[in-house]
Amino acid sequence: MRVVVALGGNALLKRGDKPDADIQLTNVRRAVAALAPLAREHELVVTHGNGPQVGVLALQSAADPALTHPYPFDVLGAETQGMIGYWLLQSLQNVLPDRQVCALINQTLVSVADPAFAEPTKFVGQSYDEPTARRLAAGRGWTVRQDGAYWRRVVPSPRPQRIVETRLIRQLLSHGAVAVCAGGGGVPVIRDENGLLRGVEAVVDKDLTAALLAESLEADALLLLTDVPRVVRGFGTPEATPLTHTTPAALRAESFPAGSMGPKAEAVCRFVELTGDMAAIGALDQAADILAGTAGTLVTPSGRYPHTGACPPPATGPGAAAAPEGSPS
């Protein structure tokens, strides 16, 4: 199988962690340990988040007295692709000595007319309490929003239209390489009036980019791996219910936050609707089980497990999940 995996930002830097290099490298190694079984059995493409990392670099750039202006977000995105790509590349090479691994810096084409440029929603950088976040927003011209119990900076997140280096990634896979690419959603670029590529001040959502990449590569499965075991209907309410399997239509009927689970739900729905294949959202340490259909929230055209053609047995005990409305029971 050809599998595209998107690592959530919390897989690399957990909430509350200091953004130190050694902490992130430890988390990368744990992530790679979970991905290694997939790489041994399948063609594997790994994408990753960069929200916390790009936020750290943005702070450093803004505070550097040697700079006339802070580095723009497309440049910061390229920097984080190189940094995280290096960690993933080396860690994958160490656990897969018989495989070639390549980390690429990718550009993602977006539309200059995308309305997202006028409505920032993408969380980047560290978490703050509300007074600190509002003080930083006032002093630095940021837009900030609440993210759970904390507050974070938000920036425009235009919809990805095309991965510029798709053909190159396909060639790497055809030669048996593991590809690390499209980190942080890729460096956002537009084409100018002369048809030339130019970076823009934005961060592309990594999950939507992963879905676009998986579709373009004709992948058999798309896995969005994060720090939660399943998507939860009614999160934070007494009726909260983990979803084990669902359809795109049923998942779209749910309501999810625009800056976190919302893009993940949109990404898996888009991939399944366009390809008829399987997508899933779940915990990183259950990656192999998710691909096997025994963990996570699986999304398929029928809501059934793709390998057996049947619904999974009903969950029992604490946290048991019911099938969402509109999906097979």
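How do the residues of the lining of the largest pocket divide into nonpolar, polar and charged? There are 17 nonpolar, 17 polar and 13 charged residues; Ala, Val, Leu, Ile, Met, Phe, Trp, Tyr, Cys and Pro count as nonpolar, Asp, Glu, Lys and Arg as charged, and the others, Gly among them, as polar.

Before I continue, please note that this is a predicted model, in which local features need pLDDT of at least 70 and side-chain atom pairs count only at pLDDT 80 or more, while totals for chains, interfaces and linings use all residues. Residues are numbered from 1 along each chain as its sequence is written, and side-chain values use heavy atoms, with hydrogens and water left out.

Let me turn to the pocket itself. A pocket is found on a 1 Å grid over the protein atoms alone, as an open set of points where a 1.4 Å probe fits, with protein on both sides within 12 Å along at least five of seven lines; lining residues have an atom within 4 Å of a point. The largest pocket holds about 1,200 Å³ of space, the volume being that filled by probe spheres set on the points, which are joined across faces, edges and corners. Its lining comprises 47 residues, and Asn10, Arg15, Asp147, Arg152 and Ser260 lie nearest the centre. Among the elements that each supply at least two lining residues are helix 3 (51-63), strand 6 (143-147), strand 7 (150-155) and helix 9 (261-275). Strand 5 gives the most, with 6 residues. Helices (H or I, at least four residues) and strands (E, at least two) are DSSP runs, numbered from the N terminus.

Three strands form an open, antiparallel sheet in the order 5-7-6; two strands pair if DSSP finds at least two bridges between them. Strand 5 and strand 6 are the edge strands with a single partner each, so one side of each has no neighbour in the sheet. On average, neighbouring strands are turned by 40° against each other, direction ignored. Strand 6 and strand 7 are joined by 5 bridges, and Val144 stands opposite Arg153 in strand 7. Helix 3 lies across strand 5 and strand 7, at about 70° to strand 5; axes are lines fitted to C-alpha atoms, for helices over the stretch in contact, and angles run from 0 to 180 degrees between N-to-C directions.

Finally, Lys264 in helix 9. Is Lys264 buried or exposed? Lys264 is buried, at 10% relative accessibility, where buried means under 20% relative accessible area, exposed over 50%, and partly exposed in between (1.4 Å probe, protein chains only). Leaving aside residues up to four places away in sequence, Lys264 touches Lys206, Asp207, Leu224, Thr226 and Ile281, contact meaning heavy atoms within 4.5 Å.
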